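Reader: I'm new to reading structures, could you walk me through this one?
Author: Gladly, and we can begin with a term that we will need.

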Amino acid sequence: MRKKRPLQALAVATLAALSWPPQQAAAGGMEASEQAFLTDLPVVLSASRLAQPLADAPGAVTVIDRELIKASGVRDIADLFRLVPGFLVAYANGANPTVNYHGLTGQYSPRMQVLIDGRSMYSSYYLGGVDWNMIPISLDDIERIEVVRGSNSAAYGANAFLGVANIITRHASQSRGTLAEYTSGNQAIEDNLLRHGGRIGDLDFRVGTGRRRDSGFENVYDDRHVSFFNLRGDYRLSAHDELSLQMGATESSAGAGFPDTPDNPTRTQHASHYFGQMQWRRALPDDGELLVTAYRVQDSGSENYIGRFTGLLLPALLDWGRRTERNNLEVQHVFRPGRDVRVVWGVEGRIDRIRSPILFNDDNWHGTSLARLFGNLEWRLAPWLLANAGGMIERYSLTGTDFSPRAMLNFQPSPEHTFRMGATQAYRTPSLAEQTGDVRLHFYTIGISQPVYRGGTNLKPEKIRSYEMSYLGDLRSLGLTVDLRLFREHMGNLVTNYDDNNVRVFANGYNALLRGAEYQLRWRPDRETLVLLNQSFERIVGMEKYRSYDTTVTDLMQSAPTHRTTLMLSRQFAGRWSVSAIQHWMGEMKWPHEGDLQRKHHRLDLRLAYRFGAGPTRGELALVTQNQGNPHDEFRPQYKFNRRTFATLSLEF
Amino acid sequence: MLLLVCALPRWAAATGEVLFVVSEDQPAYKEVVDAVRAELARLPVPPGIRLAQAAAFEAARQGNVQAIVAVGTRAFRAVAASGTRTPAIATLLPRSAFDRTVLEHGRGEGRRSAVFLDQPLGRQLELVKIALPGRNRVGVLLGPESEQAMTALQAAAERRVKLTTQKVAEEKELHHAVQRLLAETDVLLALPDSLVFNAGTVPHILLASYRQGVPVVGFSQAYVRAGAVLALYSTPAQLGAQTGEMLRTLLTTGQLPAPQHPRYFTVNTNPYVARSLGRALEEPAVLQERLLATERIN
């Protein structure tokens with residue numbers, strides 16, 4: 001049975017309405033004159049559009065560009081992080097990807113920030129983290145992803161605890177014409193995408209809609225249907241001002257639970273995500289910029305089922321219905337007070353509201369507010385020495401005021417070599433549920449209410465002090481980039497939940513010390529070939545429990561595999577064919593909490609694609625196999641990642 | 001003394017005014033006029049000056065006008081269309097506009113000359129070589145107005161760089177032409193063409209090039225501000241100075257120099273974009289000096 005999805009219908013209608021805008025008056029017939037030399041042009045590559053040169057960045061950054069996205073053959077944005085050193089990706093069931101950096105977390109990964117064009121995807125619901133299914137864009141909408149490996153609260157605030165992924169979507173002028181894409185494969189994989197971009201006067205626009213469906217792991221109730229719609233308009237107000245408007249929505253339904261498991265029966269989770277964002281960008285002289293971003297995000301979910309608990313299988317109605325809202329305003333200013341100094345500073349304010357009867361045992365809205373003041377000074381002390389000093393002061397209604405500083409020195413003895421060393425301190429603020437949650441089971445047949453989870457009241461924010469030494473080699477003559485990071489991460493006040501008379505209570509529960517090294521080699525011997533080699537070795541070397549009886553913490557020691565290697569080869573032939581192969585080798589690890597031991601395994605992904613047509617009308621046929629070899633366990637032993645094969649046909653016209 | 005006496009009648013005969021005709025009342029046109037006048041002021045007996053808009057040219061040319069300076073395409077078209085036999089120097093107009101106007105209205109018995117707004121192609125390609133060493137695959141987008149430059153472009157590219165061109169006949173072809181071109185170039189050289197490069201298309205071209213790591217070389221200051229890594233152009237003052245020099249030659253010798261490309265030029269860079277693309281550029285003044293040096297040698 002196929003239910004007609006209202007979102008999809010709306011998307012198609014909008015798309016149809018916008019698809020064939022009136023042709024612009026032809027510019028032809030005008031004769032060449034001096035106007036071309038004299039006209040003012042919009043400032044396109046202003047400060048926030050320019051990627052900071054990796055050599056000047058105050059930390060290790062991995063860039064995932066469009067070429068890499070395409071060559072990887074992935075269907076999910078989350079899977080791209082398999083190509084970033086130190087990142088762990090798994091499906092916590094087939095429908096729920098989880099991404100973390102350096103372990104310690106399971107299905108919910110609250111220690112990493114994800115931003116789309118500056119908009120936080122970090123959820124205020126439950127334990128925090130990011131619901132990757134809710135990201136309302138397609139892979140094709142992405143210009144690049146800048147992944148900051150390491151804490152960066154100084155620039156991105158609390159929750160940029162261990163890492164940040166900045167997803168930068170394409171300017172609307174970059175998506176012209178119509179793109180139609182269809183994917184089909186085993187495991188009921190069926191995806192589609194329709195996108196159209198054009199220009200009306202000074203407005204560039206793009207509108208897209210798509211759907212991803214699959215049946216997840218075999219013999220697991222984890223089917224997933226995700227559909228999204230998005231719209232972006234970039235409007236030129238003047239040569240120096242541009243207004244970007246974005247809006248979008250995602251709806252998903254996903255299977256959860258297990259048969260014959262009374263307390264966790266099979267059921268379907270529904271979720272939706274709506275957002276609207278407005279960004280005004282004013283280019284100022286000398287690489288300066290003023291950026292004002294306002295957005296609103298609304299999430300809601302529904303999931304109702306009867307769980308049966310205790311030996312008597314007493315029924316309780318669990319209604320995970322929820323709604324969260326976020327309103328955010330940020331102003332950022334970039335300027336150069338001197339030739340060798342660049343300053344970025346700004347303020348941000350946010351109001352989050354959440355209503356979730358099951359989390360708070362009431363029907364009220366619960367709110368938090370956040371105010372931020374941040375700044376970074378980049379100072380070229382000498383041609384071979386760059387200093388970055390920055391920090392953020394945050395006032396969060398739940399935990400008070402925190403300061404996250406960062407200092408980094410970049411030594412550049414020559415343009416090919418950069419050595420960095422620095423230190424930073426960052427925070428993760430506990431979620432409202434961790435702080436004030438009150439989850440109870442209402443056994444309606446006997447009229448008893450049993451508490452099961454309780455917020456920790458007065459939780460302190462998690463704190464990390466991170467030290468890093470890194471090297472970036474840009475060996476142009478060889479086409480080779482080397483990125484090596486050595487780190488030492490001291491984390492304290494980490495939140496866990498311990499058992500207190502059968503009630504799980506959130507509390508600051510442990511400290512952890514991580515040490516490790518990771519590197520990436522990116523070799524481009526010629527324009528047709530890309531070789532990528534990532535390796536990471538990290539160890540949780542110390543763990544200090546605040547409560548000796550807290551057993552949840554013990555598991556965490558193995559939550560990061562001791563080693564990981566990824567090798568990717570990608571090559572284009574004869575301008576039409578492209579082939580890529582990605583091999584991952586993963587050491588043994590234990591997924592904490594809901595997960596289990598995941599044995600040492602390897603995985604090979606292959607992609608073969610053929611491009612046809614030329615000019616505005618063209619297409620591509622791609623065949624992708626994920627995990628070409630034997631099935632491996634993912635997240636839990638009963639989740640077998642079998643070979644997945646799918647074909648994608650895309651047409652552009 | 002005898003020489004002076006012989007020269008006198010010429011002076012006497014030539015004591016008319018210089019008429020400036022401008023296309024529009026815009027700052028750039030005025031800057032050209034001011035620079036020409038500064039040059040004229042260096043004559044022992046500076047001629048009188050008259051200023052008119054292109055639309056009012058017919059009325060303004062009455063009386064004793066010994067030379068005309070037409071600033072802008074529209075101004076020069078008005079002058080050429082009048083068929084006047086007064087010598088006229090056009091400037092602040094592209095070479096193609098001058099050539100076409102002359103083709104339509106004739107050379108006025110050899111009494112038409114110009115200082116073009118566009119840089120010689122050889123100079124532009126030389127700058128690419130100097131400023132972006134190692135990037136020798138140069139891509140050019142040609143539209144309806146610029147495609148006639150093809151032959152000259154190929155000649156200029158020879159022994160300098162490897163040239164790739166993409167033709168764009170309609171705006172809707174631009175997107176793919178840019179993609180194709182960027183796939184096989186290290187530098188994108190912008191040549192003026194109102195279909196290919198206008199305020200509406202430049203964001204797309206700059207963003208697409210930036211993503212591919214391909215620097216764009218523009219032909220005006222606005223390009224550098226917008227996000228091109230460098231630009232080569234002549235300012236209105238530089239064009240005015242050269243026009244003034246030509247005018248002085250005309251007034252003192254009676255000889256009208258041939259149409260020419262700008263002799264004075266400016267190199268400007270956007271160090272931020274260059275750095276973000278992973279290249280450090282030389283200072284604009286250094287590039288300009290080195291470019292001048294190559295021209296002195298050649």
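Author: A nonpolar core is a set of buried Ala, Val, Leu, Ile, Met, Phe, Trp, Tyr and Cys residues joined through C-beta atoms within 7 Å. Please keep in mind that this is a predicted model.
Reader: Okay, so which residues touch the most other members of the largest nonpolar core?
Author: Those are Val21(B) and Val71(B), in a core that counts 102 residues. At least three of its residues come from each of two domains of chain B, namely domain 1 (2-117 + 236-253) and domain 2 (121-233 + 266-297).
Reader: And what does Val21(B) touch?
Author: Leaving aside residues up to four places away in sequence, its contacts include Ala52(B), Phe57(B), Ile68(B) and Val71(B). There is also a second, separate core of 79 residues, and Tyr156(A) and Leu530(A) are among its members.
Reader: Switching topic, what is the strand order in the open sheet of chain B?
Author: The order of its 5 strands is 2-1-3-4-5, and the pairing is parallel. Strand 2 (49-53) and strand 5 (112-116) of chain B each have a single partner strand, so one side of each lacks a neighbour in the sheet. On average, and ignoring direction, neighbouring strands are turned by 20° against each other.
Reader: Which helix packs on the sheet and touches strand 1 of chain B?
Author: That is helix 4 (residues 73-82) of chain B, which also touches strand 3 (65-71), strand 4 (88-93) and strand 5 of chain B, and its direction makes about 145° with that of strand 3 of chain B. Helix 5 (residues 95-105) of chain B lies across strand 4 and strand 5 of chain B, at about 165° to strand 5 of chain B.

How values were computed:
Residues are numbered from 1 along each chain as its sequence is written. Chains are lettered from A and ligands numbered from 1 in the order in which they are written. This is a predicted model: local features need pLDDT of at least 70, side-chain atom pairs count only at pLDDT 80 or more; totals for chains, interfaces and linings use all residues. A residue is buried if 20 or more other C-beta atoms lie within 10 Å of its own, exposed if 12 or fewer, and partly exposed in between; C-beta atoms are placed from the backbone. Domain bounds come from an automatic or database domain assignment. Two residues are in contact if their C-beta atoms, placed from the backbone, lie within 7 Å. Two strands pair if DSSP finds at least two bridges between them. Helices (H or I, at least four residues) and strands (E, at least two) are DSSP runs, numbered from the N terminus. Axes are lines fitted to C-alpha atoms, for helices over the stretch in contact, and angles run from 0 to 180 degrees between N-to-C directions.
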